[in-house]
Amino acid sequence: MFCVVPSADISRYYSNMIIGIVGIILGSALLFLFLLIRIRRMGERSRRELEKLAFVDSLTGYRNEQKFMIDAEEAIRKNSEENYAILYADIKNFKYVNEIFGYDVGDKLLKYWADGINKTIRDGEVFARFNVDNLVSIRKYKVKDELKVFFETAKKRLCTYPDIQKYKFKIEMYMGIYLINQNDNISLRDMLNRANVAVKAIKNSGESRMVYYNDKMREEHLREIEMESRMETALDNGEFKMYLQPKIDCRTYKVAGAEALVRWKDPNKGIIPPSEFISLFERNGFIVSIDRFMLEEACRFYKRCLESGDVPGPISVNVSRKGLWQPDFVEFYTGTKERYNIPDGGIELEFTESFVFEDYKLFISSVSQLHKAGFSCSLDDFGAGQSSLNVLKNIPIDTLKLDMLFFRESNNSLRDKKLWKSIIEMAKALDMKTVSEGVENTEQVEYLKEIGCDLIQGFVFSKPLPAEEFISFIKNWRNDGDKQ
């Protein structure tokens, strides 16, 4: 069979097929191009989100620490002729803001503070939030006074946050400053560490302060690092020793007790005074181990005195704030006292007055439980800090310990003596015994005796002594008769 088809129809068929194929190819290409653009946009969005997660502080919305390191190094490199300083700012006791006003207020305060700092940032300068409450920046300067102006601006911004200012709650800020030297051969991280070292050097001071880093701070920091690396081993090796400073009865001039004080006897360096390590241990928490070690030593010594018949009176042991905050604080102290069979009143626990202001309810609860367990409790350094007579009348304290530093730092001795007499009379009215520590001369002894102080502790009678020397001191004191 033969079929005849016009050539025009065949041409039209192939033309339509070619057009369809071309259309399909173009459509596929457009679809591919659309998908490619879509994927790229999604990739860009994901990259931006990842960069935001990696480089943006979620609280403030500005740079985080990682981004700061990148941008700060670049800024310093591009502006090598400029004078740069690293400023490390820290809010004093920021945790109390969170505890008193709530975490929402604390977060808003940090955002408010960061917004204010951001407004002062110039081209070539960088800032970021480090850790919880640290704002770090690099700033250009021609004279150092410019940095002081920045500090005052940051401090004022922090102190005028409305949600806290209305409660008259004062916020303090510390700032450490490291001046970058063009010849510095150290990394940016090391520079930041030095600015942070400067902050730590003033962190326990009172009002807001700024300080410039110096080599002495670095030496102190290195010494602290060394002590931290050895403290656990030193405790295990028995390098920490208990010294005892006698307390003398003002009326009878007999030994009426002693305070247990820790000393670190390093095999290579000799005696390290507590002024060099106590504040460090309070910051890193090791003070809790030292507190408990000293309680054990005091109980062991007291039991030995009971067996030998040389009981010197109550032994006072200091308690740190971090020790008080331990969940098993009361349990450990009462258990230790019972394990050594120490009679009630044999061990006295000394708390500084700052405890009362920091956590009044915890302090009252703990002291009440300790009283039931047979401990006596004293309030140490009264007069050296933010003393409050209103608080004093409500706390269950057995002994009020007065710091003679109050006298030495004053210019009006007559007025001070009248005040001292009033405090002792008030303590007696509240059924508290009084101890004056830091007494250095016989004139002070006579005055304290005259106004009715119960016990005296100080170099006028004896420095802190090792346990064996303290026993000898008691025997010699007893044999020598009246020491008046």
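Helices (H or I, at least four residues) and strands (E, at least two) are DSSP runs, numbered from the N terminus. Helix α10 in this structure holds K303.

The model is predicted, so local features need pLDDT of at least 70 and side-chain atom pairs count only at pLDDT 80 or more, while totals for chains, interfaces and linings use all residues. Residues are numbered from 1 along each chain as its sequence is written, and side-chain values use heavy atoms, with hydrogens and water left out.

## The chain as a whole

The chain has 19 helices and 15 strands. A residue is called buried when its relative accessible area is under 20%, exposed when this area is over 50%, and partly exposed in between (1.4 Å probe, protein chains only). Of the 484 residues in the chain, 42% are buried. A contact means heavy atoms within 4.5 Å. Among contacts with a separation of 6 or more, 68% are between residues 24 or more positions apart.

## Nonpolar cores

A nonpolar core is a set of buried Ala, Val, Leu, Ile, Met, Phe, Trp, Tyr and Cys residues joined through side-chain atoms within 4.5 Å. The largest one has 77 residues, and F240, F281, I347, F351 and F363 have the most contacts inside it. Helix α10 (residues 287–308) gives the largest share of this core, 11 residues. A second, separate core has 28 residues, including L87, A89, W113 and Y161.

F240 shows what such contacts look like. Leaving aside neighbours within four places in sequence, F240 is in contact with M231, A234, L235, V262, R263, W264, F277, F281, F286, I290 and F293.

K303, in helix α10, is partly exposed, with a relative accessible area of 30%. Not counting residues up to four places away in sequence, K303 touches Y340 and I342. The C-alpha atoms of K303 and G346 are separated by 9.5 Å, and these two residues are 43 residues apart along the chain.

## Two enclosed strands

Strand β4 (residues 173–179) is largely enclosed by the rest of the structure, because six of its seven residues are buried. Two strands pair if DSSP finds at least two bridges between them. β4 has an antiparallel partner in strand β1 (residues 84–91) and a parallel partner in strand β5 (residues 209–212). Y174 of β4 is the bridge partner of D90, and Y174 also stands opposite R209 in β5.

Strand β12 (residues 399–403) is largely enclosed as well, because five of its five residues are buried. T399, K401 and D403 point one way from β12, while L400 and L402 point the other way. β12 runs parallel to strand β11 (residues 376–382) and to β13. F382 stands opposite L402 in β12, and the bridge partner of K401 in β13 is V435.

| Strands | Sense | Bridges |
|---|---|---|
| β1 and β4 | antiparallel | seven bridges |
| β4 and β5 | parallel | four bridges |
| β11 and β12 | parallel | three bridges |
| β12 and β13 | parallel | five bridges |

## Cavities

On a 1 Å grid over the protein atoms alone, a cavity is a set of points where a 1.4 Å probe fits but cannot get out, and its lining residues have an atom within 4 Å of a point. Grid points are joined across faces, edges and corners, and a volume is the space filled by probe spheres set on the points. By this rule there are two cavities of 30 Å³ or more.

The largest cavity holds about 70 Å³ of space. Its lining consists of L87, A89, W113, I117, F127, L135, V136, S137, F150, A154, M173 and M175. β1, α4 (103–120), β3, α5 (145–159) and β4 each supply at least two of the lining residues, and the largest share, three residues, comes from β3. Ala, Val, Leu, Ile, Met, Phe, Trp, Tyr, Cys and Pro count as nonpolar, Asp, Glu, Lys and Arg as charged, and the others, Gly among them, as polar. In these classes the lining has 11 nonpolar, one polar and no charged residues.

## Two loop residues with positive phi

N131 lies in the loop between β2 (126–130) and β3 (134–140). Its phi is near 55°, a positive value in a residue other than glycine. N131 is exposed, with a relative accessible area of 55%.

D431 lies in the loop between α17 (413–429) and β13 (433–437). Phi of D431 is positive, about 60°, although D431 is not a glycine. D431 is exposed, with a relative accessible area of 69%.

Notes:
1 Å grid on protein atoms, 1.4 Å probe; cavity = no way out; pocket = protein on both sides within 12 Å on 5 of 7 lines; lining within 4 Å.
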